[in-house]
Amino acid sequence: MTADAAITAADVRSAALSLPDTTEKLAWGQPTFRVAGKIFASLGDDETAMGVKCPREDRAELIAAEPEKFFICEGHDDHYAWMRVRLSALEDEAELAAILADSWRQVAPRRLAAAHPELDVAGEESAGEDEG
């Protein structure tokens, strides 16, 4: 990816708000993106990273595999099913969209998520492993 193609905070906002029933709300001085009132993504203070939902049992593996991309803020994220993603490390807008869709599905009401199977990126990779 070239420097001029880097993912920006505007790209995060656009991709997040394109997800069904998503709203943006300022919280703790930063933009958060919510579905059914639950946060599934946020932009960091300096807009170089975003926070997303991630099962705690999956985080360590993701961070170990791509530490330049995924990280946690020690003392805060370690208590939640949450991790951070460096925008500069994302490959493209498709990767951004996939990460946001995965986070969205973790908090969206089942009925709403079921109405949007096109957002089930995990299902595409591992058909038949539906825990919901």
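Predicted model: local features only at pLDDT ≥ 70, side-chain atom pairs only at ≥ 80, totals over all residues.
**Exercise 1.** Work out how many helices and strands the protein chain has, and in which order they run.

*Solution.* Start with the tally: the protein chain holds 5 helices and 6 strands. Then walk from the N terminus, and you'll read α-β-β-β-β-α-β-β-α-α-α. For the contacts with a separation of 6 or more, 46% link residues 24 or more positions apart.

**Exercise 2.** Find the largest nonpolar core and say which elements build it.

*Solution.* First, some background on burial: 38% of the 132 residues count as buried. The largest nonpolar core takes in 29 residues, and Phe40, Met50, Leu100 and Trp104 have the most contacts inside it. H3 is the top contributor, with 6 residues.

**Exercise 3.** Take Arg34: where does this residue sit, and what does its side chain pair up with?

*Solution.* Step two, check the charge: Arg34 is buried but has no salt bridge. A salt bridge needs the charged atoms within 4 Å, and the nearest side chain of opposite charge, Glu24, is 9.7 Å away. Step three, look for polar partners: the Arg34 side chain makes a polar contact with the side chain of Thr32, at 3.1 Å. Step four, skip the neighbours within four places in sequence and list the rest: Arg34 touches Asp21, Thr22, Thr23, Lys25, Ala27, Ile39 and Phe40. Phe40, you'll recall, is one of the residues with the most contacts inside the largest nonpolar core.

Terms used. Residues numbered from 1 in each chain as written. Heavy atoms only, no water. Buried < 20%, exposed > 50% of the residue type's maximum accessible area, 1.4 Å probe, protein only. Lys, Arg positive; Asp, Glu negative; His and termini not counted. Polar contact = N/O pair within 3.5 Å; in protein donor to acceptor, adjacent residues only side chain to side chain. Contact = heavy atoms within 4.5 Å. Helix = DSSP H or I, 4+ residues; strand = E, 2+ residues; numbered from the N terminus. Core = buried A, V, L, I, M, F, W, Y, C linked by side-chain atoms within 4.5 Å.
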